[in-house]
Amino acid sequence: MSRMMDQLRRRQEDRGLMAALRCILIKNKKHRAWPALHRLGVVIDDGRSPLPFIAGLYAKHPKETNSGNFGDTCKTIQKRRDEKAGEDNKLTPTERRFQHLLAATDRNELKNRVLRMALMAKAQDVPINFEQLANDMKYWNDRTKIEWASSFWAQGKASEEEETS
């Protein structure tokens, strides 16, 4: 994983490579990403490995961090969108999307929902911890969901992160 990420970081300005990698995110264009993935040393498989998806996400939004998990990313998105939970116990739009993300049961569902949140992260200029995301997607289970939920709904965590960024 870190070898792939090192290569992506080094080749971030290679517009052709990044354009090809973004094709992995589109069902009918995946085949266009395979040569680029091969050059990065990523095994092309039937979607079991999250690495091709992570490479495509990085090509779409290369702003990264080395701390936190995707729950932290989603919390920062919510904060930057200036969404505040009201006293009426209604969920904010980001909370609803995040709950929907946590309800993903298979890899395709998870990838689609992570992609939507990653696009929101790009729109709000929020960095993503790609290495942690790849690991979490590889081992998607209740433990991962709980870790993300704990990070997202932790009291005061997003405000601390906002102050440091």
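Of the 165 residues of the protein, 42% are buried, a term that denotes a relative accessible area under 20% (1.4 Å probe, protein chains only). The model is predicted, so that local features need pLDDT of at least 70 and side-chain atom pairs count only at pLDDT 80 or more, while totals for chains, interfaces and linings use all residues. Residues are numbered from 1 along each chain as its sequence is written, and side-chain values use heavy atoms, with hydrogens and water left out.

The protein contains 10 helices and zero strands, where helices (H or I, at least four residues) and strands (E, at least two) are DSSP runs numbered from the N terminus. The C-alpha atoms fill a box of roughly 50 × 35 × 25 Å along the principal axes. Among contacts (heavy atoms within 4.5 Å) between residues at least 6 apart in sequence, 71% join residues at least 24 apart.

Zero disulfides are present, a disulfide being a pair of cysteine sulfur atoms within 2.5 Å. Cys-23 is buried, at a relative accessible area of 12%, and Cys-74 is likewise buried, at 0%.

A pocket is an open set of points on a 1 Å grid over the protein atoms alone, where a 1.4 Å probe fits, with protein on both sides within 12 Å along at least five of seven lines; lining residues have an atom within 4 Å of a point. The largest pocket is lined by 18 residues, of which Ile-24, Lys-30, Gly-47, Asn-108 and Lys-111 are the closest to its centre. Helix α7 (107–123) supplies at least two residues of this lining, as do α3 (30–39) and α4 (51–60); the greatest contribution, four residues, comes from α7.

Technical notes
Buried < 20%, exposed > 50% of the residue type's maximum accessible area, 1.4 Å probe, protein only.
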